[in-house]
Amino acid sequence: VNSVDSAPFLAALPGVPTPVGTAPYMLRVLDPARAVAGRAWNSAASGALLFELLDPSLEENRGSWKLEVEGGRATLRSATSLPSVSLTAEGFALWYSGVASCSQLRRLGQLAGDDTSDALLDAMAAQADPTVTYHF
């Protein structure tokens, strides 16, 4: 939500109008490994998990991945083991952008399988509420 409540700094800027509405935007992660390496993650989260990325559009993204996070940095590498968790490409984008929790992704059918990694995924992506301050 793009509002003074979710981005209090907006109220302090002179001449900045108060947002009157929101509009959803779309995100498609084309290179998951580079995207994960280039994002800042919650520095309090650490751990590793295997997951399957279900991506019908990009074959190079499809398959098993190993995600490791420590100290606010993360890596994502192709894996050969069969994971017990699967994420759709849409679910991965929602998680990556920080706009959906694992429980929301499960309700939407974007995350399936063993839920023991949900706490790590949620902790990794925990940041201030995401906002986009521009209108396109």
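This is a predicted model: local features need pLDDT of at least 70, side-chain atom pairs count only at pLDDT 80 or more; totals for chains, interfaces and linings use all residues.

Me: What is the order of the strands in the open sheet, and what is the pairing?

Reply: Five strands make up the open sheet, ordered S3-S2-S1-S4-S5, and the pairing is mixed. S3 and S5 (111-113) are the edge strands, since each of them pairs on one side only. The twist from one strand to the next averages 30°.

Me: What makes S1 and S2 a pair, and in which sense do they run?

Reply: Two strands pair if there are at least two bridges between them. S1 and S2 have seven bridges, in the antiparallel sense, so they count as paired. As an example, Gly-47 stands opposite Val-69 in S2.

Me: How do you know that S1 and S4 pair, and which way do they run?

Reply: S1 and S4 are joined by three bridges and run parallel. The cut-off is at least two bridges, so S1 and S4 pair as well. Leu-53 has Leu-87 in S4 as its bridge partner. On the S3 side, S2 and S3 pair in the antiparallel sense over six bridges, with Trp-65 opposite Ser-78 in S3.

Me: Why is H3 called largely enclosed?

Reply: Seven of the nine residues of H3 are buried, so the rest of the structure largely encloses this helix. The buried ones are Ala-89, Gly-91, Phe-92, Ala-93, Trp-95, Tyr-96 and Ser-97. H3 lies across S1, S2, S3 and S4, and runs at about 90° to S4.

Me: Which residues have the most contacts inside the largest nonpolar core?

Reply: That core has 27 residues, and those with the most contacts inside it are Trp-41, Phe-51, Leu-67, Phe-92, Trp-95 and Met-124. Elements that give two or more residues to the core include H2 (32-38), S1, S2, H3 and H5 (118-125).

Me: What makes Gly-98 partly exposed rather than buried or exposed?

Reply: Buried means under 20% relative accessible area and exposed means over 50%. Gly-98 has 27% relative accessibility, so it counts as partly exposed. This residue is in the loop between H3 (89-97) and H4 (102-108). Just after H3, Gly-98 takes a positive phi of about 80°.

Me: How do you know that Leu-105 is buried?

Reply: The relative accessibility of Leu-105 is 1%, and buried means under 20%, so the label follows. Leu-105 is placed in helix H4. Leaving aside neighbours within four places in sequence, its contacts include Leu-87, Leu-94, Trp-95 and Leu-111. The C-alpha atoms of Leu-105 and Leu-94 are 8.0 Å apart, with the two residues eleven apart along the chain.

Me: Why is Asn-61 called buried, and where is its place?

Reply: Asn-61 has a relative accessible area of 3%, so it is buried. Its place is in the loop between S1 (47-54) and S2 (63-70).

Me: Why is the link between Arg-28 and Asp-55 called a salt bridge?

Reply: The closest N and O atoms of Arg-28 and Asp-55 are 2.8 Å apart, and the cut-off is within 4 Å, so the pair qualifies. The pair links distant parts of the chain: Arg-28 is in the loop between H1 (9-12) and H2, while Asp-55 is in the loop between S1 and S2, 27 residues apart. Arg-28 is partly exposed at 35% relative accessibility, whereas Asp-55 is buried at 2%.

How values were computed
Residues are numbered from 1 along each chain as its sequence is written. Side-chain values use heavy atoms; hydrogens and water are left out. Helices (H or I, at least four residues) and strands (E, at least two) are DSSP runs, numbered from the N terminus. Buried means under 20% relative accessible area, exposed over 50%, partly exposed in between (1.4 Å probe, protein chains only). A nonpolar core is a set of buried Ala, Val, Leu, Ile, Met, Phe, Trp, Tyr and Cys residues joined through side-chain atoms within 4.5 Å. Axes are lines fitted to C-alpha atoms, for helices over the stretch in contact, and angles run from 0 to 180 degrees between N-to-C directions. Contact means heavy atoms within 4.5 Å. A salt bridge is a side-chain nitrogen of Lys or Arg within 4 Å of a carboxyl oxygen of Asp or Glu.
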